[in-house]
Amino acid sequence: MSGGGSMKAAPAIALSLTGWDAAVWAERLRQAAPGRDIIVAAGPDDPLPQRYHLLCWKPPREVLHRSPKPMLILSAGAGVDHILKHEPPAGIPITRIVDPDLTGRMVEYVVLHCLYHLRRMNEAAANQAQKCWTAPVFPPARSVTVGLMGVGEMGQASARGLMAVGFNVIGWGRSPRAGLPFPSSYGAEALGAFLAATDILVSTLPSTPQTRGLIDATVIGKLRRDGPFGPPVLINAGRGDTADEADVLQALSDGTLRAASLDVFATEPLPASSPFWALPNVVVTPHNAADSDPEALTAAILDEIARFESGAPLLNPVYVARGY
Ligand code: NDP
Ligand code: OXD
């Protein structure tokens, strides 16, 4: 109470985190925001306060459409396809995570896998299994071009990491971005030339109506294969449904692609029946290129909530019409 009037309690934060340990997130948020109710409201029957923000990862559809509605919807990761696919109620702002911890993890993944394929580590591992002292032949990074599909937060940071270890980097995105420290091109008309110059295709594209199925046989078939690197490699750390998995499998089997690192899949967890598990030229990782760590991300989440509550513009707004 102050000045005789009643002070409204800060809105609660309700968590709906599928596949993650919500108790750990809740505990971290309670420590960092002791004045706020932090509740786990993962399912349609969990009680809700009148005023709350919804922090979610792969929420069930009903959680987004319950009454009362959240004031702000926050993705606990960078992607928002897991929210937008449920057509959340119009008019509620949506925000996502952009944070150096999350971005740094993606840079580690992208640089690791580009170097892995440059150094032909799957051949080295096969040689080791045979006790075979044979050195795979590979060109220097400076003569290999990594083509980044998506030059947003993840793409740009990955580019910096790749350039630091000597790769030649080019980028491709939806709309022109000024001031990038590497050549980039935009839109469907530019895609062919971008692919023709690319040895290692790295995607950090979001899943949107425009990107779903984009990495298909036609796209893969346009990648460069006559440079010093030889047949190209695909690295997908964006979303599984941006690639046509049947086309990727075919390309890996017939040599159109030399190899791939795949972190994301159309169906996750990747079913035991998926042929990707057994391909010797594929590195499968369980969608952990950049994991969300509550310890690291809580400050960014609370900062975005504070901005919203004070009427300041959100730092990382999601544009529903654009799909990301
Ligand atoms: P951003 O929004 O910052 O960047 C997205 C990029 O994709 C932008 O350059 C954007 O273009 C481009 N893009 C979007 N649609 C198209 C299109 N139709 N054609 C060409 N380019 C397009 O997002 P982030 O970089 O932060 O994250 C990207 C994605 O990475 C997330 O949405 C998520 O799916 C994935 N991700 C995966 C993780 C993992 O662990 N595997 C972890 C974190 C993220 P424009 O520049 O015009 O906006
Ligand atoms: C994300 C992810 O979008 O982990 O943050 O995929």
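These entries record what I looked up in a predicted model.

**Conventions.** I number residues from 1 along each chain as its sequence is written, and I take local features only at pLDDT of at least 70 and side-chain atom pairs only at pLDDT 80 or more, while totals for chains, interfaces and linings use all residues. Side-chain values rest on heavy atoms, with hydrogens and water left out.

**Entry 1: the sheet.** I began with the strands. Helices (H or I, at least four residues) and strands (E, at least two) are DSSP runs, numbered from the N terminus. Five strands make an open sheet with the order E2-E1-E3-E4-E5, and the pairing is parallel; two strands pair if DSSP finds at least two bridges between them. E2 and strand E5 (94-95) are the edge strands, each pairing on one side only. E1 and E3 run parallel and are joined by six bridges. I looked up Ile 13 and found His 53 as its bridge partner in E3.

**Entry 2: helices on the sheet.** H1 lies across E1, E2 and E3, at about 160 degrees to E1. H10 lies across E1, E3, strand E4 (73-75) and E5, at about 145 degrees to E3. For these angles, axes are lines fitted to C-alpha atoms, for helices over the stretch in contact, and the angles run from 0 to 180 degrees between N-to-C directions.

**Entry 3: the faces of H1.** Which residues of helix H1 (residues 22-32) are buried? I list Ala 22, Trp 25, Ala 26, Arg 28 and Leu 29. Buried means under 20% relative accessible area, exposed over 50%, and partly exposed in between (1.4 Å probe, protein chains only). Seen down the axis of H1, the buried residues fall within an arc of 165 degrees, so they line one face of the helix; the arc is that of the directions from the helix axis to the C-beta atoms. Ala 23 and Gln 31 are exposed on the other side of H1. The buried residues pack against strand E1 (12-17), strand E2 (38-40), strand E3 (52-57) and helix H10 (294-310).

**Entry 4: the cores.** The largest nonpolar core has 50 residues, and Leu 15, Leu 55, Cys 114, Leu 162, Phe 167, Ile 200 and Ile 301 touch the most other members. A nonpolar core is a set of buried Ala, Val, Leu, Ile, Met, Phe, Trp, Tyr and Cys residues joined through side-chain atoms within 4.5 Å. Helix H4 (residues 100-118) gives the most to this core, eight residues. A second, separate core holds 27 residues, including Leu 195, Leu 205, Ala 243 and Ala 260. I then listed the contacts (heavy atoms within 4.5 Å) of Leu 55. Beyond its neighbours within four places in sequence, Leu 55 is in contact with residues including Leu 15, Trp 25, Leu 29, Leu 74 and Ile 301.

**Entry 5: Ala 12.** Ala 12 lies in strand E1 and is buried, at 4% relative accessible area. Its contacts, leaving aside neighbours within four places in sequence, are Asp 37, Pro 49, Arg 51, Tyr 52 and His 53. I find 9.1 Å between the C-alpha atoms of Ala 12 and Leu 48, which are 36 residues apart along the chain.

**Entry 6: strand E6.** Five of the five residues of strand E6 (residues 145-149) are buried. Thr 145, Gly 147 and Met 149 point one way, Val 146 and Leu 148 the other way. Five bridges join E6 to strand E7 (residues 168-173), and the two run parallel. Met 149 has Trp 172 as its bridge partner in E7.

**Entry 7: aromatic rings.** I count four aromatic pairs. Rings of Phe, Tyr and Trp (its six-membered ring) pair if their centres lie within 6.5 Å; planes under 30 degrees apart count as stacked, over 60 as edge-to-face and the rest as tilted. The ring centres of Phe 265 and Phe 276 are 5.9 Å apart and the planes are at 55 degrees, so this pair is tilted. Phe 265 is buried at 6% relative accessible area, and Phe 276 is buried at 2%. Trp 20, Trp 25 and Trp 57 form one aromatic cluster.

**Entry 8: backbone.** Where are the cis peptide bonds that I checked? One runs from Ser 67 to Pro 68, with omega near -5 degrees, and Pro 68 is in the loop between helix H2 (61-64) and E4. Another joins Glu 268 and Pro 269, with omega about -5 degrees; Pro 269 is in the loop between E11 and E12. Arg 120, not a glycine, has a positive phi near 50 degrees and counts as buried at 17% relative accessibility. His 287 also has a positive phi, about 50 degrees, and is partly exposed at 21%.

Methods:
Chains are lettered from A and ligands numbered from 1 in the order in which they are written.
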